[in-house]
Amino acid sequence: MGAEAEHRKLTAKETLFVFYYCGDAKQSAAEAARLAGYGQKGARTEGPKILSKPAVQAAVAAIIGKRLEKQDISGRRVLAEIAGSAFADANDLAEVRVGCCRFCWGTDHKYQWTEAEFAKELAQNVGVQAPGGTGFDRRREPHPECPECFGEGEARVVLKDSAKASSDAKKAYAGAEVTEKGIRVRIHDKLKANEMLGRHFKLFKDNIQVTFPDLPPEMRRKRILELLTMAAKQKAERTGGSKRAG
Ligand SMILES: [Zn+2]
């Protein structure tokens, strides 16, 4: 390859120069020359001369080119991570579900047991009664005329298997811990991810002419949310995008 053929033409000192020029010297020819041992005095004049040599130029271009390529790849990966957090559906990780209460479906709206609960109770307490009967299933809909919950049922949090979560949800997932109160699932800040994306794609400047005056943080969050909703709508209109049912 051309570039590699050029590399081979470098002297040991020039190789050092390239090494420092692309590294510690932060692309200062004089500093690179000094570090490569050209002498304090000569470095200032020698540096630019060495840098102008085609072989040196080729070596520097090859290194910087590779570095930019790497940055581009990592940049795209970072963006994909942020986008995942921004678009993830939190329900893929934890869901609030409402089901019936203990009194919804019991006989005459009396307390209802599950079969196993009642069997256990009966083993410990012979002759125990179950006026509401058994067959409690918290997944059933609340009874609209329940005298205890008045048809509102009971809410519970159902955690999902994070290994089976969608790719976006996996990006939003920030780990979990077992606490005294149960399992705590952490999710990256969706609004912040949206704001970062919005800034990256210049949504605020290009599509909607808005500036943020010095709004208090809460107002600002609200305003950003409004803007993102608008931007998303505009984008959906442009692309005729399909919306997720939900
Ligand atoms: Zn109820």
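Start by selecting helix α4: here A43, E46, G47, I50 and L51 are buried. This is a predicted model, so keep the confidence colouring handy for later stops.

Now show the surroundings of those residues. The buried residues of α4 pack against α2, α3 and α5.

Stay on α4 and look along its axis. The helix bends by about 45° at E46, with a proline, P48, following within four residues.

Next, select F17, Y21, A32, A33, A36 and V56. Of the 14 residues in the largest nonpolar core, these touch the most other members. At least two residues of this core come from each of α2 (12-21), α3 (29-35), α4 (40-52) and α5 (54-87), and α2 gives the most, with four.

Which residues does F17 touch, leaving aside those up to four places away in sequence? Centre on F17 and you will find A32, A33, A36, I50 and V56.

Apart from this core lies another, made of five residues; A88, L93, A172 and Y173 are among them.

Finally, colour by pLDDT. The protein averages 85, and 87% of the residues score at least 70. Over residues 241-246 pLDDT stays under 50, and the model has three contacts for them beyond four places in sequence. Where pLDDT is low, the predicted coordinates should not be read in detail.

Key: Residues numbered from 1 in each chain as written. Predicted model: local features only at pLDDT ≥ 70, side-chain atom pairs only at ≥ 80, totals over all residues. Core = buried A, V, L, I, M, F, W, Y, C linked by C-beta atoms within 7 Å. Buried ≥ 20, exposed ≤ 12 C-beta atoms within 10 Å, placed from the backbone. Contact = placed C-beta atoms within 7 Å. Bend = angle between axes of the 7 residues up to and from the residue. pLDDT = per-residue confidence, 0-100.
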